[in-house]
Amino acid sequence: MSFRKIFTPHLGDPNCHTLEFYEKTGGYEGARKALRDWEPDALIDEVKASSLRGRGGAGFPTGVKWGFVPKQTDKLKYLAVNADESEPGTFKDRVLMERMPHQLIEGIIISCWAVGIHSAYIYIRGEYVHAYQRLVAACAEAYDKGILGSKVLGHDFHLDITVHRGAGAYICGEETGMLTSLEGERGQPKLKPPFPAIEGLFGCPTVVNNVETISNLPYIMEIGAEGYKKIGPESSPGPKLYCVSGHVEKPGTYELPMGVNLLELINDHCGGVWKGRKLKAVIPGGSSAHVLSADECDVAMDIESLAAAGSMLGSAGVIVMDDQTCMVNALLNVMKFYHHESCGQCTPCREGTGWLEKIVHRIAYGHGKLEDLDRIDTVCDRMVGKTICVLADAAAFPAWSFTQKFRDEFIHCIEHGGSPEVKRRHPDRIGGGLHV
Ligand SMILES: Cc1cc2nc3c(=O)[nH]c(=O)nc-3n(C[C@H](O)[C@H](O)[C@H](O)COP(=O)(O)O)c2cc1C
Ligand code: SF4
């Protein structure tokens with residue numbers, strides 16, 4: 001099957017966010033079809049058959065997740081759409097919400113019909129002011145036209161959507177942290193089980209799905225599970241939004257089939273590495289993914305292929321680094337982020353992220369020792385798999401892979417008084433820095 005873009009063909013139109021434009025281009029037909037022709041259980045089976053997998057990072061099969069929600073329960077059920085999008089290098093959900101808010105609303109209607117939900121929340125990152133305004137305006141239009149509310153699209157089905165703004169914490173993207181924040185508490189992750197599908201928002205069964213995941217559903221309704229499965233690899237099919245940033249000529253959000261080759265993405269779609277330079281490294285799936293060295297980049301951008309290459313698709317935030325990048329300085333940036341964003345509940349994460357930042361900082365600023373490289377390994381080893389959520393793992397993976405794959409560069413910095421990038425930018429600070 002040839003690849004038809006579902007998110008991006010209309011993005012150039014200044015009115016693509018409006019209801020009028022969306023309906024003119026076939027919008028809400030998928031939701032109409034779902035409500036008219038599909039029994040909820042059959043719809044869940046169809047989504048299972050499509051092999052749609054979550055686009056938020058973990059890649060869990062969406063239909064299977066929906067199937068975990070109890071059918072017979074006297075509790076309310078909720079959908080919480082994860083629009084927190086704080087993983088460094090990731091900006092696809094922002095594009096979807098700013099330009100195609102009605103596609104998200106349509107996906108929400110389809111999901112809620114399938115699972116028997118009458119109340120959905122969109123938890124949006126606080127900094128996304130424009131996307132928030134677009135979503136609120138789109139919901140108001142949808143209520144006004146009877147697309148949301150007491151009779152969705154004229155059917156005997158009621159659905160309300162609440163758009164809720166976060167306050168700019170990365171950890172509120174973790175699903176249990178997000179639900180706790182929605183409940184009005186400090187956004188801290190909880191131990192699982194119980195999983196949200198059984199005990200989520202306000203103690204009730206809750207589906208948590210990413211914005212891009214939900215935005216795929218109208219398309220599945222349109223072409224059916226069989227058609228959808230023919231796009232990209234069978235185990236993780238579908239159209240995919242890749243966010244490409246860093247040292248390329250044309251950074252941006254690119255819609256391509258799942259499984260596009262990473263070098264093709266960089267060279268053919270993004271104009272290649274900028275300024276005629278060579279590729280040094282790529283983080284393929286947001287900053288928590290293991291970095292790939294240039295010779296590892298001939299890889300398909302899908303869940304299985306990247307796992308086999310020792311990294312992950314994650315949020316598909318592709319960060320490209322040219323041959324002039326200082327990997328010590330790049331890792332320092334990543335470590336600062338995770339240390340800052342750790343919620344502090346778990347000792348290995350709270351202390352470990354701090355130690356990683358301090359050790360990489362002193363290497364970058366000219367105080368490093370060769371033993372520091374083993375010390376980074378030890379700290380990472382004591383973080384991975386030992387905490388409530390995987391933020392600790394997300395900090396350890398880049399620390400491990402940067403120092404293993406670019407070890408010579410770290411040793412050079414240790415033996416030659418620090419990072420050349422730091423020397424260039426902050427010559428007055430070299431030799432100072434944090435002492436551990
Ligand atoms: C620290 C951390 C941050 C996360 N941030 C996000 C996020 O911003 N957006 C998102 O959709 N998922 C994020 N996730 C993944 C969610 O916990 C969850 O798996 C996802 O929203 C499920 O939706 P999906 O199945 O549609 O992918 C994060 C996970 C962790 C551990
Ligand atoms: S791993 Fe880190 S971010 Fe996650 S709950 Fe523990 S302290 Fe908080």
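This is a predicted model: local features need pLDDT of at least 70, side-chain atom pairs count only at pLDDT 80 or more; totals for chains, interfaces and linings use all residues.
**Entry 1: aromatic pairs**

I began with the rings and asked how many aromatic pairs there are. The count comes to 9 aromatic pairs. I then looked up Trp113 and Phe157. Their ring centres are 5.3 Å apart and their planes stand at 80°, so I wrote this pair down as edge-to-face. The cut-off behind that word is an angle over 60 degrees between the planes.

Next I checked where the two residues sit in the chain. Trp113 is in helix α6, residues 101–115, while Phe157 is in the loop between α7 (129–144) and β3 (160–165), so the pair ties together parts that are 44 residues apart in sequence.

Tyr219 and Tyr228 are both buried.

Tyr78, Tyr121 and Phe202 belong to one aromatic cluster.

**Entry 2: charges over rings**

I searched for charged side chains placed over rings. Arg165 lies over the face of Tyr132, and the distance to the ring centre is 5.0 Å. Lys240 has its charged end over the ring of Tyr242, at 6.0 Å from the centre of that ring.

**Entry 3: helix α8**

I turned to helix α8, residues 175–182, and asked how many of its residues are buried. I found 8 of its 8 residues buried, and the helix is mostly covered. Among them are Glu175, Met178, Leu179 and Leu182.

I then asked what covers these buried residues of α8. The cover includes α4 (62–67), β1 (78–83), β2 (119–124), β3 and β4 (206–210). Just after α8 I noted Gly184, which takes a positive phi of about 95°.

**Entry 4: strand β4**

I checked which way its residues point. Thr206, Val208 and Asn210 point one way, Val207 and Asn209 point the other way, and all are buried. In a regular strand the side chains alternate between the two faces of the sheet.

Finally I looked for pairing between β1 and β4. These strands pair in the parallel sense over 5 bridges. I recorded one partner: Val81 has Asn209 of β4 as its bridge partner. Asn209 had already come up as one of the buried residues of β4.

Conventions
Residues are numbered from 1 along each chain as its sequence is written. Chains are lettered from A and ligands numbered from 1 in the order in which they are written. Side-chain values use heavy atoms; hydrogens and water are left out. Rings of Phe, Tyr and Trp (its six-membered ring) pair if their centres lie within 6.5 Å; planes under 30 degrees apart count as stacked, over 60 as edge-to-face and the rest as tilted. Helices (H or I, at least four residues) and strands (E, at least two) are DSSP runs, numbered from the N terminus. Buried means under 20% relative accessible area, exposed over 50%, partly exposed in between (1.4 Å probe, protein chains only). A charge sits over a ring if NZ of Lys or CZ of Arg is within 6 Å of the ring centre and within 35 degrees of the ring normal. Contact means heavy atoms within 4.5 Å. Two strands pair if DSSP finds at least two bridges between them.
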